[in-house]
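Here are my notes for a colleague who is opening this entry for the first time. Please read them with the structure on screen.

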Amino acid sequence: MIHSIFFINNSGDIFLEKHYKRVIPKSICDYFFEEVTKNSSPENVPPIIQTPNHILISIYRAQMHFVAVCKSEVPPLFVIEFLHRLADIIKDYFDEVSETSIKDNVVIVYELLDEVLDNGFPLATESNILKELIRPPNLLRSLADTMTGRNSTVSATLPTGQLSNIPWRRSGVKYANNEAYFDIVEELDAIVDKFGGAVCAEVHGSIDCLIKLSGVPDLTLSFVNSRLIEDASLHPCVRHRRFEVERLLSFVPPDGGFRLMAYRASCHGNLPVPLDLRHTISFKQASGNSGHLELTVIPRPPSGRQLEDLVLTVPMPRAVSGASLVASAGKYSYDTASRTLVWTVGRLDSQKGAGSPTLCGTLVMQTGAPVPDCRPSILVSFSITGWTISGLKVNRLDLHGEKYKPFKGVKYVTKAGKLEFRT
Amino acid sequence: ASVSESLGNIRPWLQKVTTQAKTTDSKYFTTTRKGEIFELKAELNSERKDKRKEAVKKVIASMTVGKDVSTLFPDVVNCMQADNLELKKLVYLYLMNYAKTQPDKAIMAVNTFVRDCEDPNPLIRALAVRTIGCIRVDEITAYLCDPLRKCLKDEDPYVRKTAAVCVAKLHDIDPLLVEEQGFLDALKELLADSNPMVVANAVAAITEISDSAQTDTAADMLCWSGQLINKLLTALNECTEWGQVFILDAVANYTPTENNEAQNMIERVSPRLAHANAAVVLSAVKVIMKLLEMLDPNSDFVLSTIKKLSAPLVTLLSSEPEIQYVALRNINLIVQKRPDILKQELKVFFVKYNDPIYVKLEKLDILIRLTSAANIANVLAELKEYATEVDVDFVRKAVRAIGRCAIKVESAAERCVSTLLDLIQTKVNYVVQEAIVVIKDIFRKYPNKYESVIGTLCENLDTLDEPEARASMIWIIGEYAERIDNADELLESFLEGFADEQTAVQLQLLTSVVKLFLKRPTDTQELVQQALSLATQEADNPDLRDRGYIYWRLLSTDPAAAKQVVLAEKPLISEETDLLEPNLLDELICHIGSLASVYHKPPAAFVDGRGGGQVAKATKGLPSRLAAEAGGAAAAAAGAGGGDFGAGTGAPGRPAVSVIPTQESLIGDLLDIDMSGGATAAAAMAAASASTNQQPVDLLGEGLDSLLGGPAPSATSPVPPSGASAAAGGSGADSLADIFGGLGGGVGGGLGGGGGFDPPMETWLPAQKGKGLQIEGRFLRRGPQLSMELRLRNNAMQQLNGFAVQFNKNSFGLAPAQPLAMNPLAPQQSVTTLLPLNTKGPVQKMDPLLTLQVAVKNNIDIFYFACLIPMYALFTEEGDMDKRVFLSTWKDIPPENETQFNLGSYAHDADTASTMLRSFNVFTIAKRSVESTDMLYQCVKLTNGILVLAELKIVPQTNAYTLSLKSRHVEIYPGVHEAYLAVLKG
């Protein structure tokens, strides 16, 4: 399966490597670097690269490439999923995936690498189990260590979850306050054409949980309108049969935070994109080397809700060397290196009658460059709390198997996923 | 959150403590200081435990970032005996890395390992058995067997599952040892383990072992049965996501025997479609897609299953881009196999601005596949958007896609053409060039319909700088020469820079000028002469020269014939220009989710010959519908052969798969369409002049021979073409005749005899052993049919009847193609019968390789005997290949696989030898003479698809024959060697 793993940063340094069979020399990564130079940006590096004797499968995350080297036929998705899982684990341990966080904890990362794969086969990839085997560095631990003088990151007992029927759950969990929180986050992916009509739109949702319940709780989560869920990817803890038949989630949860379900909501008919955009962008003007830009956001939030974190990003063609604009709300910036215009509008308070914020002004064009004939897309991000765009709503959460009454909470958020307006 | 809140008031203090306590590892990344190793050494031998641990940590960190700390080996190993688990783990990490370089010292660690394997703590037992397998040192491996055997039967499933993987590790190091020690059987037993995780790991280990197996016992470890499948599917529900992938991929190799079974399997696998792990989903899709083939396509069950597949596939496209990419490559296959699944989901393939380029290109491909008259408007609007994007590659592909839409959906062709014209008006250079390339295809598909746009195209003539666009434009001019008034001027202007053009453009220019001449002979004579002389005299490229000569000869002998050939009606181009060939598609469907599915190539194309499996693998095929349903025994046989994992049969029956040319190469073919027409005509002429020439004439043969010559092509420079071009100035026609004559003589060896030689009969079963039945026999090959000739003699006193014959599993899967047809045999009677054979039987590698064990039954008893199959009986008629293929295949096979044999001396010269060998399906691909030594390059294809390439060297004076063989499968060399000896000796 996976023979070796290399961590490579954007400047092309291999800063960590681990081999699960024979040592494969670093030079194998030259094939990878070859592809990197061929592509304009690191995210465009193809995920599967064939070399004469090996196959390199990589993912790009947090400004780093995680490269797995395989020798024979493997299911590539298996490797890709695994690499993403690895990044997730690192994030879980050190709060962020970054070159710095890995370098700061290189020994733990190396121990983790040794624990997640054996002979290239995944061994332990559940965060809960790993944390029992290798303790993550955290505030409390360093505190406890300093006070007790204990100083070991590795547990000496077999994690009980490793082989139980519910491998995802730690045993002997005990909390003073029993709590279960559910975040239902929906993302709107849509392309809106220049006339304001949606070319395509879909809604992806996920239910992320933070469960702190003692013992072995058996939970049932039901929805008001479960038919809205078109396709679901379930956490292994969810009983598939009951979901199939009754459309509810019945599960014994892992301890702590995890993604219970990811789903695609059906959006037959037209989805209400909660904002409209008027735009004129032209690179040609009668006088001199300047173009013109005017953007107006017309918010259409659902009643009683507000658009928050509104950011508009416009990747400009190379010929635009600067921008001199006036924003009626928020701030704008133009990054001359990446030629991107970013307008951070922020929160649109509908009560105060903020109306329709505008960004207007001239674009400075490079002298001598031909007038670009492409039409930039405008990428929009926003969030609206307390509302799901699909309309999905939790009906109730029931707890079986334990006596206590937990505190329950559900939060709804809708965000823009890949939302772009064509001009 | 609540915890940190309650601690809120002590936070400042807390932070102070942590900053003090927090020591990051990043310091290890600084470069090695002088004396650092020395310091570490001192610390490793420190009295204090915590100091030692800290030191080992430092060593590991240095090792991690690639510093050489191997000199510390003995000091680190000394820390191993510690009872601290973390320290132990760290030392193990170090050992795994450096044991290979210091094998003698690694031995020191063995005792601790063996002891740890018996530790009361299962974690330590597992850790020890895990680590010991990673230490790839022979001396240690020997000590590993006993502890491993114990761990495989450990009471703790955690240890058992670790041990299962360890068997795979050990197999990688020493496969023979694993077999001798019986670990393979122990592993098989774990398939029935009560713990699903152990089962999953056993499956994973077995899969890996059989992938790299050197012997058949290892390759065929999984003996499929309904029972085993049942067990695996039960384990499937309870094991980890990774285990599910292993199990699903293994289950995909099983072909059920009944419809109910298939249906039941689908039902049990389909819940996996809702798994959060994309790999699990795709593996489940694979299993289902394969099993669906067996069921009635119109049944409700199949229709509802197909419906279920679409949503999970669409969901994959909302994951990370890398996952999307793999999903898209697979969806590309699925859409070709079952277009219905995703036909409603067009919009999910619309390209988003932020998609990485590799995702964009794949989406575009699928978009075109899903295009139909119903949705063409949507697709076209999108494609037009894409054509104004920033990324050049993507824009190009989008423009091409518009052309493909036009070819696919006739009703929309007009709209597509006008969209393309709009794009040409943008004058963006690469857009214009791509547009012209696709418009040429549209002309091919809809002749005489859109010629009105030619004027617009001609306006952009000067901006074309890419060979493909230039060639396309020239093709258009030639094709519509009668409608373009200044066609001659245009072509003439191209001709001025003839020498600087790329070959594709030159070839096209030559053809177009000839077309123009045939259409408007009066005023273009000069032009055509100029073009022909440029092609035949100035050009170095043999393709170009040859094409020039062909046209010259055609035009000078029979202009009417030339017209027929050059202006012949062209076959229409197909709607889907880049569909995969159906056999390949079926094979790839069986490999959904694998690398093969990403490359769209059969696994053999890139995995074989990687130091991987030595045992020939059966290609996977989709099962056909079951006999009861399909109502035909043939279908059943194909189904059984295709899917059965254990009995590797597929290969012989399956024709070699080839990919239909991609867009790029297809364009080349389109341009060359006239060429092939010319070639056929030329071949006909050659056949006429060179009397009875049976073999297809290879017009380019001589030129390629020189290419094959390798390092010294100039030394062996072929005489005829150069002579011809010298003479061409005078009268091209005569010298051309010489070329054809020469070729005819050179290649016209013809088929020898037609039958091949028949070996004498051997006695296989003497009468005393056969209770009176005596059997003699031999193997014969008549054309494609391999048969066994048997002479049965009844030496007993009573009648013998009820004859039947059966073969044991053998290396090449030989099996009787039909039952033995034998009348009762009276005493003293002898009968000769011919038993046709096929190679669809079960395969098991025999030792010696060619042994065939036969059982013959009659009313008295069952008799067993063994005979040797002569290797030449297994040479198929498919061994012929193109020279270029030969050359590249030869290069692909690692040089260490080449073996040389001295065959002794024979009176035959090279041509006779070649003819003799040809009658045994040894194909001579090329012949070359170096300093009067003849070299024959030959190729043999065995019934199971193994290719053997041979170089036969014949030194003329001594007539000494030397044979060099090259194949991926060296174990067949002795057989091939014998076969050559047998043939050459007559």
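**Notes on helix pairs and chains**

1. Start with one helix pair in chain B. α28(B) and α29(B) are roughly antiparallel to each other. The reason is the angle: the axes cross at roughly 150°, and angles over 145 degrees therefore count as roughly antiparallel. Keep in mind that this is a predicted model.

2. Where are these two helices? Helix α28 covers residues 467–479 of chain B, and helix α29 covers residues 487–496 of chain B. Their axes come within 10 Å. The crossing is left-handed. On the α28(B) side, the contact is made by B:Arg470, B:Ile474 and B:Ile477. On the α29(B) side, B:Ala487, B:Leu490, B:Leu491 and B:Phe494 take part. Six of the contact residues are nonpolar, one is charged and none is polar.

3. Now turn to a second pair in chain B. Helix α19 spans residues 278–292, and helix α21 spans residues 321–337. The two axes come within 11 Å and cross at roughly 15°. Angles under 35 degrees count as roughly parallel, so α19(B) and α21(B) are roughly parallel to each other. The crossing of α19(B) and α21(B) is left-handed.

4. Which residues make the contact between α19(B) and α21(B)? From α19(B) come B:Ala278, B:Leu282, B:Val285 and B:Met289. From α21(B) come B:Ile323, B:Val326, B:Asn330, B:Ile334 and B:Lys337. Seven of the residues in this contact are nonpolar, one is polar and one is charged.

5. Step back to chain B as a whole. Chain B has 986 residues, and 56% of them are buried. Its secondary structure comprises 45 helices and 13 strands. Take the contacts in chain B between residues at least 6 apart in sequence: 68% of them join residues at least 24 apart.

6. One annotated stretch of chain B deserves a look. An unreviewed UniProt entry annotates residues 875–985 of chain B as "domain: Beta-adaptin appendage C-terminal subdomain". Over those residues the chain is 28% helix and 36% strand. The end C-alpha atoms of the stretch are 18 Å apart.

7. Finally, chain A. How many helices and strands does chain A have? There are seven helices and 23 strands. Of its 423 residues, 59% count as buried. The C-alpha atoms of chain A fill a box of roughly 75 × 55 × 45 Å along the principal axes. Among contacts in chain A with a separation of 6 or more, 69% are between residues 24 or more positions apart.

How values were computed. Residues numbered from 1 in each chain as written. Chains lettered and ligands numbered in written order. Predicted model: local features only at pLDDT ≥ 70, side-chain atom pairs only at ≥ 80, totals over all residues. Heavy atoms only, no water. Axes fitted to C-alpha atoms, helices over the stretch in contact; angles between N-to-C directions. Helix = DSSP H or I, 4+ residues; strand = E, 2+ residues; numbered from the N terminus. Parallel < 35°, antiparallel > 145°, perpendicular 65-115°, else oblique. Left-handed = near helix turned anticlockwise from the far one by under 90°. Contact = heavy atoms within 4.5 Å. Nonpolar A, V, L, I, M, F, W, Y, C, P; charged D, E, K, R; others polar. UniProt positions renumbered as here; feature names shortened; annotations may be inferred. Buried < 20%, exposed > 50% of the residue type's maximum accessible area, 1.4 Å probe, protein only.
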